[in-house]
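Subject: Model for you to look at

Hello,

Here is the structure I promised to pass on. Please open it alongside this note; my findings follow below.

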Amino acid sequence: MPALTREREVREAYAAHSGELYGFAVRSLGDAGMAEEAVQETFLRAWKAGERYDPEIGSLRTWLFAILRNVVIDMGRARASRPRVGPEQGIEPSVEPLEQALVAWQVEEAMRRIGEDHRRVLLETHLKARPYAEVAAEMGVPEGTIKSRVYYGLKALRVALEEMGYDD
Amino acid sequence: MTTDDHRDWRLSLGAYALGDLPPDERAALAAHLEGCPECQAELRELEGVAALLPLADPARIETPAVRPPADLGARIEAQIAAEKAREGRAKRRRRLRFGLGGAVAVAAVAAVLALVVLPIGGENSPAQEVNFGSVANEVSIKAVLEPHAFGTEIHMYVKGVKSGTLCRVFLRDAHGRTFSAGTFRYRWGEDSEAELSSALDLSQTAEIGVHAGGRTYVAPVSQATALASGAEIDPA
């Protein structure tokens, strides 16, 4: 059954996915105004192509992210074609390839969703490469606890990604 | 190997998957993995997410999630509604260009009414575009007339008159009888199209007139030509 051809369906899709789409748009465009524009354009394109959306093929979220990805590419092209006067100013957009930025953003979002203890341990020990002993002392727990929090943290991160609809 | 040993090894699998175990512990766990299918399976599950974690930017994780502005949803809905209205108009224009009648369902209902009220249904005559010729400077008036079972649908395109001007539109048949097509107000800066209708059948229509700003502009409607020029008959 096709979705997103009616205004009510657009409203529901917006309620469910706009936060994530906007978060990724801000991350990849580096500008809140452009991100708003990108999200608006995404839902407009989704509504116009609503008949072509097939839930059998993939989730609505994946479909919307695919549209947003194209919108962001188009906006990046438009920005690149504008003449530059002086050095670039403002927030720097993400420079990594868009596919990778999309995955990275989802991991960052999933990290925000897991428990504080798990997030902190993964952040400090792995992303900031600090020794387990140092992090253990700082958090006032035995080193073994840090190790088990890394284990449970990774499992929680995997669940969070799955719940967000991440498909690899 | 005791159950406790196994549990300890399992809890180290996260650090192992991330490559963060010291070399000696790493070697010992690798030895345990050799003979433990359960830990092997668990490791495979963790390896996927462990490979993704380094992509994350720590600074971005620590920044609170951004939220779209509260009115963005409403703005999107408004844009879609506007787009829908525009599409509807474009569809009607396309229909006019190709000289097609109205939607079949609407025509069917209207045809029943036509049997009672109107002697003739003119659905088969083509739509007509009428340009008003001798109008005042800067003023441009164009009408597209579309035949219907109920009479004639009229799309008026007016430009150059004062914003807010009341425009009264009528059709006349060959005997000089006038049939009202209603009124509209011209608004500067907005889509200048007005949609009106009259009970007079298009095949019976000889003239179309617009009374606006104290002047009346009349243009002949001809079945033979789609375009006609009008003459000002009634200067104020």
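**Chain A: the fold**

In chain A, 66% of the contacts with a separation of 6 or more are between residues 24 or more positions apart. Please bear in mind that this is a predicted model.

Chain A has 7 helices and 0 strands. Read from the N terminus, its elements go α-α-α-α-α-α-α. Chain A has 168 residues, and 51% of them count as buried.

**The interface**

Chain A puts 45 residues in contact with 43 residues of chain B. Together the two chains bury about 4,200 Å². Carbon and sulfur atoms carry 66% of that area. On the chain A side, His126(A), Tyr151(A) and Leu154(A) supply 15% of the area buried against chain B. That is more than any other three residues supply.

Glu45(B) forms a salt bridge with Arg158(A), with the closest N and O atoms 2.7 Å apart. Which elements of chain A give two or more residues to the side that touches chain B? They are α1 (7-29), α2 (32-48), α4 (98-113), α5 (116-127) and α7 (143-164).

**The cores**

In soluble globular proteins, nonpolar side chains tend to be buried together. Here the largest nonpolar core holds 77 residues. Val39(A), Phe43(A), Trp63(A), Leu64(A), Met111(A) and Leu53(B) touch the most other members. Take Trp63(A). Leaving aside neighbours within four places in sequence, Trp63(A) is in contact with Leu4(A), Ala46(A), Ala49(A), Gly50(A) and Tyr53(A). Another core, of 26 residues, lies apart from the largest one. Its members include Ile141(B), Ala143(B), Val158(B) and Leu196(B).

**Strands in chain B**

Strand β4 (residues 166-173) of chain B pairs with strand β7 (residues 205-212) of chain B. The sense is antiparallel, over 7 bridges. Asp173(B) stands opposite Thr205(B) in β7(B).

β7(B) also runs antiparallel to strand β8 (residues 215-220) of chain B, joined by 6 bridges. In this pair, His211(B) stands opposite Thr216(B) in β8(B). β7(B) and β8(B) form a hairpin with 2 residues between them. What is the phi of Gly213(B) in the turn? The phi of Gly213(B) is positive, about 55°.

Best wishes

How values were computed. Residues are numbered from 1 along each chain as its sequence is written. Chains are lettered from A and ligands numbered from 1 in the order in which they are written. This is a predicted model: local features need pLDDT of at least 70, side-chain atom pairs count only at pLDDT 80 or more; totals for chains, interfaces and linings use all residues. Side-chain values use heavy atoms; hydrogens and water are left out. Two strands pair if DSSP finds at least two bridges between them. Helices (H or I, at least four residues) and strands (E, at least two) are DSSP runs, numbered from the N terminus. A nonpolar core is a set of buried Ala, Val, Leu, Ile, Met, Phe, Trp, Tyr and Cys residues joined through side-chain atoms within 4.5 Å. Buried means under 20% relative accessible area, exposed over 50%, partly exposed in between (1.4 Å probe, protein chains only). Contact means heavy atoms within 4.5 Å. Buried area is the accessible area (1.4 Å probe) that two parts lose on being put together, summed over both. A salt bridge is a side-chain nitrogen of Lys or Arg within 4 Å of a carboxyl oxygen of Asp or Glu.
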